[in-house]
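Here are my notes for you to read with the model open beside them.

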Amino acid sequence: MRFYHPVLKAGRTWWDHELFPVERFADRLGQVQMVLQRLGADALLAYGDAQRYGHLTYISHYLPKHRGGLVVVPRNGEPVLFIEAGSREIPWARSLSWINDVRAASDGVARGLAEVLVPLGPAPRLALAGLRELMRSPDWEDILPLLGDPSRTLDVAEELTVLRRTKERNEQEAVTHAAEMVTAGFEAAAGILAAGASTDVLMAAAERAMRRLGAEDMRMAVSVEPDSEPWPATRQVLPAHGGVRIGLAASYQRYWAQAARTLSAGLQDLIADTAAVHTACLVNLGPGRSAEGTVAALSTKFASLQAAGVLKRLDLRGIGLDLDEPLGTASLQAGATLVLHTTTETASEVRILLADTVLLTKDGARVLTGKVDAL
Amino acid sequence: MRLSGFRLSEAEWAKRNRGVTSGLEEVRTEALVVYGTGQHHLLLPDYVLFCSGFLGIGTHTFLVLVPGETPELFVAERADVTRAEVVAWMATVTYAPDPGAAAVGRLRQQGVRRVALAGRRWMPYDTFRAFTETLGQEVAVLSGDALLEEMARVKGPEERKRVSQAAAIADAAFAALLAAARPGVADYELAAEVEYVIKCLGASDNFGLISAGARNEAGHPPTGHRLAPGDVILAEITPCYGGYFAQLCRSIVVGNLLPQQKRDAALQHRVLTETLAAVRPGRSAATIARTMNRIMSDAGYGIYSHPPYMRSRGHGLGFGSTSPGELTEDNEQVIEEGMTFVVHPNQYFPDSGYLILGDTIEVVADGVQTPLQTPAQIFTV
């Protein structure tokens, strides 16, 4: 599910030292430096912006409130964090990250990066993650001369993604906490669900509930019959009959959880039928199979519903520091955090959407985002 | 229409269309391609929103404008198609997983040899490279940013009305904040109330920060600080209504004002008042900044009027244009009637910490007026 991205993070933004002690980042730094050593790279440059910050934040724990940041990790030695903000924001950035060397780069990172690369020699071999995809083209062109021969640079996004795929216990706790916020958001929305209410008031209530629990950032989308796709909230009024589909996501300590629900007084039977399919799918999730293989197996299990056009979509995605994390082709491992979307549609084209964030354990999937029938 | 409250009139869109046409004629260019990121804020206005009324959901959007032809909007998300069809002005909407390539296809159909590209500075490198490579070297690409900035620099009556609506929402959100602020409440809980009011009143977003502390160095997102007597709450509230922003900056002391806070807040109020009295069409952004810095310097706070303590004394509230830009001493952009921007003599004071005070203003023929109703003062709760 796609969401509008708030322009500036206005939620509780801090570093929970108890959950993410500095030692955890030393471990991550060591893992990243081992990757650099294995690949023969002299340093890693990982860029992220306020919307997609997974690689940057995995290493630094820094969260851009808007614009972006760049972390430079030498193969040996301490990292440097550049924030695309003024020098006034350095103290705040330092409060979010374990990295001591934080530098302001409100006019782009080129000048500062040049200084940081000097000790690496005249033609360092650089590993990149997130720069080409996310860095604005003028900024990229500014740093391009510093990167040397393009054929020698390495794209290590996949290597970092693999490091991030299986979540440690503290990461799982952060996702679980974010999931509690999402659950509270749905409860708040359900509490005021009534014909005549506008979707912006409905979503404002959900947002407030998540923010009150300390959500760092959030994303929301809503759709009301007959629209089939999620929209940002509007003044659109809820009808007396028909469903409203809501997608909510919240983050805690940079880690996301996400869920979707279809709420309606008049569609309870349909929702219950979809919930039965969704729950059966959740029960069948487990480690040892790839994401694609998992969805294929679930599709086979519900082939008759698919053939009848009732089951429109089953989708399994990773979630963590990014709302949508690639799962790759390898077998899913215990410790992965995933989002399963189940969409059904009736003959009259009423669409029911359910989605949940789950934690894979060796015994199966643990649903983190509250029970479907609790609403 | 579900978003009719946000829609500008047909006359306004026609005016923008004419502006694009004449702008392209001036630079002898056949088409304007507008790129949008789906992130619209006052420092990074989404040009697609300005040109079409549509804001994509967090991904690439391309709008192709060829004079005399129906504009075509290429969206990368299937989910965006219906919404775009409802809200976009006069545009044909096409779903395209690679909207840049689809835009190039449209340009080729039109036989375009020279194109202006607006929004390139927000484009990720891969997106820009793919667009220009697909376009090929035979098509000249020049920047279209100036064309849109020129059109959007001065706000018309419909636009100023939306700024006023955003200002009314900011006033209401500030009142809610005052009502909720008391010892024991966390800064993020205050932010929750502010965002709630803003969204309930129809704003789509808020470029704002609520923070609090006994001695602030700058504004930042909430951290979990619980209010205690003596704290200063920094409330920067910037609702976005129909694409238009208004900003309100106020400080709130929990408990009684200390003598130094009273003194520093009075100075800040004088700076704002004297500065606003000096803003006229024809003067520069730099003049405004210099006026503020001079009064602060005369009061002994010169060192705190420059980085790392303070950088900008206000800024545009971008929608299509960020004019007049940052209110800094080196910005010589001329102020014009119809511009809207925020003036904020926010200041770090050694005895009081960081205090903020700022109003959104509209430049009129003989000065300025503000659509905000909240008194320009320091508050106590």
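1. Keep in mind that this is a predicted model. A handy place to start is strand 19 of chain B, where F379(B) is the bridge partner of I252(B). That strand and strand 12 (residues 248-253) of chain B run parallel, paired over two bridges.

2. Zoom out and you'll find these strands in an open sheet of four, ordered 8-9-12-19 (chain B), with mixed pairing. Strand 8 (209-213) and strand 19 (379-380) of chain B sit at the edges with a single partner strand each, so one side of each has no neighbour in the sheet. In general, strands of a sheet pair through backbone hydrogen bonds, either parallel or antiparallel.

3. What lies across strand 8 and strand 9 (232-237) of chain B? That's helix 8 (residues 187-200) of chain B, which runs at about 155° to strand 8 of chain B.

4. Now the packing. The largest nonpolar core has 85 residues, and V34(B), L73(B), L148(B) and I233(B) touch the most other members. Helix 7 (residues 157-180) of chain B supplies the largest share of this core, with 10 residues. Beyond its neighbours within four places in sequence, L148(B) has contacts that include V20(B), V34(B), F50(B) and G320(B).

5. There's also a second, separate core of 62 residues; among them are L29(A), A93(A), W98(A) and M181(A).

6. Over in chain A, strand 3 (residues 80-83) and strand 4 (residues 101-104) pair in parallel over four bridges, with L81(A) opposite V102(A).

Key
Residues numbered from 1 in each chain as written. Chains lettered and ligands numbered in written order. Predicted model: local features only at pLDDT ≥ 70, side-chain atom pairs only at ≥ 80, totals over all residues. Heavy atoms only, no water. Pairing = 2+ DSSP bridges. Contact = heavy atoms within 4.5 Å. Axes fitted to C-alpha atoms, helices over the stretch in contact; angles between N-to-C directions. Core = buried A, V, L, I, M, F, W, Y, C linked by side-chain atoms within 4.5 Å. Buried < 20%, exposed > 50% of the residue type's maximum accessible area, 1.4 Å probe, protein only.
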